Amino acid sequence: MLELISQTFNASVIAVTQLFLSTVMSSNPWFEGLEINYEGNKQEIICNTKLSPSFTETLDDVLLSGQNITLHFRFELFTAGESKALQQKEIVNGFRYDTESESYYLINSEDREVERFFTVEAAKDSYVTVLNLTVANTEDLPAQNEYFLRVTAFLDPVKLDNMSESVNLMLRWASVKPTIVSEKFRISPRAT
């Protein structure tokens, strides 16, 4: 009987927590900018971008939960006038707060190096920023074509302690994946 009461109580706590998390204030993040550089010698497109401050109090609470919170950045290169991407690259930034050391750790799927931060502001700023990322190889792309780059960001669901189901973190972002599209550009042929 005690086990049944305990299960009922836990189910009620989970339901209330899910209700709370799904009705909290959400933000509508956007990309502050998109900088594209062409490295002709390496025949690569390099990108820098950053999401606007996109944190709410409840998303901050989730970031401080001690769970690994993952943020995806998807980069897609298109030929102007085409709807199918020529190339696609996705990186994942992981954020984790360690309560014992009171430190914030970030890792991204590109270089897999762990960065340690001592303030949440510095950790969050790095978390939403992409710097000097090679997003496309232009070796086989015709120089006469025009191209554009589309960047999209999204958060993975997370399973918090004492919850049986995952929490959809995209609800913190009004369920919208922030997206930015570059101006059309051409690539220069490789100098010989």
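Which residue in S6 is the bridge partner of Ile-107? The legends below describe close-up views of a predicted model, and the view that holds this residue comes at the start.

**View 1. The hairpin of strands S5 and S6.** The bridge partner of Ile-107 in S6 is Val-114, and this pair belongs to a set of four bridges that join S5 to strand S6, which covers residues 114–117. The two strands run antiparallel, and five residues lie between them in the hairpin that they form. In the turn of this hairpin sits Arg-112, whose phi is positive, at about 60 degrees.

**View 2. The open sheet of strands S1, S2 and S7.** Strands of a sheet pair through backbone hydrogen bonds, and the pairing may be either parallel or antiparallel. Here three strands form an open sheet in the order S1-S2-S7, and their pairing is antiparallel. Strand S1 (31–39) and S7 are the edge strands, each of which pairs on one side only. From one strand to the next, the twist averages 20 degrees.

**View 3. The pairing of S1 with S2.** Eight bridges link S1 to strand S2 (residues 44–51), and these strands pair in the antiparallel sense. As one example to look for, Gly-33 has Lys-50 in S2 as its bridge partner.

**View 4. The largest pocket.** The volume of the largest pocket is about 240 Å³. Its lining consists of 15 residues, of which Asn-93, Asn-108, Glu-115, Ser-126 and Thr-129 are the closest to the centre of the pocket. Two or more lining residues come from each of strand S4 (87–98), strand S5 (103–108), helix H3 (120–127) and strand S7 (129–137). Strand S7 gives the most to this lining, with four residues. By residue type, the lining of the largest pocket divides into seven nonpolar, five polar and three charged residues.

**View 5. The largest cavity.** The structure holds one cavity of 30 Å³ or more, and the volume of the largest cavity is about 40 Å³. The residues that line the largest cavity are Phe-55, Leu-59, Leu-63, Ile-69, Leu-71, Tyr-127, Val-128, Leu-155 and Trp-173. At least two residues of this lining are supplied by helix H2 (57–63), and at least two by strand S3 (69–79). The lining of the largest cavity has nine nonpolar residues, with no polar and no charged residues among them.

Definitions and conventions:
Residues are numbered from 1 along each chain as its sequence is written. This is a predicted model: local features need pLDDT of at least 70, side-chain atom pairs count only at pLDDT 80 or more; totals for chains, interfaces and linings use all residues. Side-chain values use heavy atoms; hydrogens and water are left out. On a 1 Å grid over the protein atoms alone, a cavity is a set of points where a 1.4 Å probe fits but cannot get out, and a pocket is an open set with protein on both sides within 12 Å along at least five of seven lines; lining residues have an atom within 4 Å of a point. Grid points are joined across faces, edges and corners, and a volume is the space filled by probe spheres set on the points. Ala, Val, Leu, Ile, Met, Phe, Trp, Tyr, Cys and Pro count as nonpolar, Asp, Glu, Lys and Arg as charged, and the others, Gly among them, as polar. Two strands pair if DSSP finds at least two bridges between them. Axes are lines fitted to C-alpha atoms, for helices over the stretch in contact, and angles run from 0 to 180 degrees between N-to-C directions.
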